[in-house]
Every structure is written in structure tokens, then in C-alpha cells.
Amino acid sequence: MNLMTKEKPYNTLNAFYRYKFGKKVFKIPLNGNFTCPNKDGKSGYGGCIYCSESGSGDYAGNKLLSLKDQFEQVKKMMHNKWNDGLYIAYFQANTNTYGTVKRLRYLYETALSLDDKIIGLSIGTRCDALNEEIYDLLSELNEKTYLQIELGLQSIHDETSTFINRGHSLKCFDEAVKELRKRNIEVVVHIINGFHIETKEDMLATVKHLNKLNIQGIKIHLLHLIKNTKLGNMYLKTPFKMLTLEEYVDITVAQIEILNPNIIIHRLTGDAPKELLIEPQWSLKKFVVMNEIDKLLRSKNSYQGIKYLKNNLR
Ligand code: SF4
């Protein structure tokens, strides 16, 4: 699929949704009050070292409210700007397949029934919170609605996974992608750029690996150091190298250039609440980051996948 334009020389999520649904589509974050197998001891304790208190869902809705109330709150805000849009209910915080099938079914079905304009579900999870029973449930959902599974990976490198206390292997991730695709479920993968123990080549290698898998979307995040996280505290004690804006743009553009041109790019940076962010402070100007990425691509006459074929033939 090629949805690139001169202005946006890569497949944006916005263009993809307009192409698929003919309208603007908003993802509405809902908090199902999940925890994570990397926190409660099933796979690990303490969680990933960059994970915030909210389970990497700082904008993910108030877990103390019902799904209905969470949805209505966000819908009201969206409605002021767009009253013609469609919605995807997005379970974002923590690990949103980590529960019994009964509970998961209840939450997903409740979310889908909140409004006529909800046309699908997006579920953020990890490979170690999926099993046969859950695959069956997801497969059933995939038959009746539009479903995206957002699978965290962050990096393909063992050294990085150990350093960030990721708690699962690359093999576990690859197998989950395979199982989801066997059931024709859309897979969106999260990666993070900016761990100080990784080089640009390491970050490119993560994208090259994803090119070999059958994935439909990617979210490229910038590493944020958040207050009261292990990594944030580590930095405050002994500062280490963080990416500059120029370095982030250079790496991300290089990743876009080698990325399979059929993959939809859901994100090209990240956002963290100002009051929680330690570094990089330049990331608060999200539009500047996006503009710099677009500007560099345009100045080179470049686009998503321009080097994909070359890399793939190697
Ligand atoms: S997988 Fe997500 S929720 Fe779980 S510890 Fe890591 S970042 Fe936090």
C-alpha cells in the first residue's frame, strides 16, 4: 500500500484510516485497569526500566472511571473539533491481554458497544500475555470488528532487552507475530530509539528485522526519561548520553528509508507529560520533531522504503 504524498513521504496512520474508512478516525484511549506480567512476577519484577507508574499509558484514561465514562470524556473533547469522525477504542496502559478470557471478552465487548461510531479495537500487549485461548478470542473479535494488536518489542538486541529488563525474548515476540498473522490479525509493533547502549546501526537492525516479519504497522518512539522510573533515576544519579534532536531525526529518517513501503507508520516520536519528563526536553516540541523529519526526507528527495529493496536483497 502506498499512501505517500509530497508533504508526507511515508504512510501515515491518518492517510491509512481515511483510505480504509473514508473518514477521520480517532483512537480513544481506555484504561481497563490491567497490570503487566513484567511487574507482577510472571515474567519479571519491577517492569521495564523506563516504564512510568501509569504503565506507559500516561494519556490512557482514568482507571477509576467506567469505560463508558472514560469514553464520554474523550469523545466530548474530540467532538469540539470533529463531529464527523469515527472511533477506535484503544486499550493502551499496561498489558491489555493479561487477564482471563472471561474478563477480556467482557472489556472488549463493552468497549465495542459504547458508541455506534466505534468501528474497531486496538489492544496494546506483550508476547508473554498471549496464549491459545486468547488467540482464539482475538480471532473471533477479528471476524466481527476491525482489530489491531499493538505488540511491544522496543529492540531486537539481547543486551538491550537485559538492560531494560524487558522480560521476554525476541523468539517469544517473533512467535506471537506469527500466531497473530496466522489468524489474519493486524500487527503494529512498538520500538524505541535512543537507548544509550545502542548505536544507529543497532536501531536500524531492529527495523531490518521487522521487515522480515509480516507486520502491518510500526510505532517509533523516542526514549523518554520519566520521573520516578528506574532509568530516570539512573540518569539523575549518573547522566548518560541522550539523543539530540538532530541525531533522532537522522536515525528515524534512516529507519523510514529502509522500512518496507507497505507498513503504516503510526508514530514517529512520542509524547510525555511535561511535568514528568526529565529528558530530552526538546521532545516537548513534538511538531518541531515531526517537521524536521519531514524536512530532511523532502530535502533528500527521499521516502519510505527508498532503500528497502537494496537492503532486502543483501
Ligand atoms: S511491558 Fe509495558 S507496562 Fe509492562 S513494564 Fe514494560 S513498559 Fe511497563
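Reader: Which residues is Thr160 in contact with, once its neighbours within four places in sequence are left aside?

Author: In this predicted model, Thr160 is in contact with Ser155, Phe195, Ile197 and Glu198 when those neighbours are left out. Thr160 itself belongs to helix H5, which covers residues 158-163.

Reader: Is Thr160 buried or exposed, and how should I read that word?

Author: A residue counts as buried when its relative accessible area is under 20%. Thr160 has a relative accessible area of 2%, so Thr160 is buried. For the protein chain as a whole, 56% of the 314 residues count as buried.

Reader: How many disulfides are there, and which residues does a disulfide join?

Author: The general idea is that two cysteine sulfur atoms within 2.5 Å are taken as a disulfide. By this rule there is one disulfide, and it joins Cys127 to Cys172, with an S to S distance of 2.2 Å. Cys127 sits in the loop between strand E3 (118-125) and helix H4 (132-144), while Cys172 sits in helix H6 (residues 170-182), so the pair ties together parts that lie 45 residues apart in sequence.

Reader: Why is the disulfide of Cys127 and Cys172 called right-handed?

Author: The torsion about the S-S bond of Cys127 and Cys172 is about 120°, and the disulfide is therefore right-handed.

Reader: How many helices and strands does the protein chain have, and how compact is the chain?

Author: The secondary structure of the protein chain comprises eleven helices and nine strands. Its radius of gyration is 19 Å, close to the 20 Å that the globule rule gives for 314 residues, so the chain is as compact as a globular protein of that length. Along its principal axes, the C-alpha trace spans about 45 × 45 × 40 Å.

Reader: What share of the contacts with a separation of 6 or more comes from residues 24 or more positions apart?

Author: A contact here is a matter of heavy atoms within 4.5 Å. Among the contacts in the protein chain with a separation of 6 or more, 81% are accounted for by residues 24 or more positions apart.

Key:
Residues are numbered from 1 along each chain as its sequence is written. This is a predicted model: local features need pLDDT of at least 70, side-chain atom pairs count only at pLDDT 80 or more; totals for chains, interfaces and linings use all residues. Side-chain values use heavy atoms; hydrogens and water are left out. Helices (H or I, at least four residues) and strands (E, at least two) are DSSP runs, numbered from the N terminus. The radius of gyration is taken over C-alpha atoms; the globule rule is 2.2 Å times the number of residues to the power 0.38. Buried means under 20% relative accessible area, exposed over 50%, partly exposed in between (1.4 Å probe, protein chains only).
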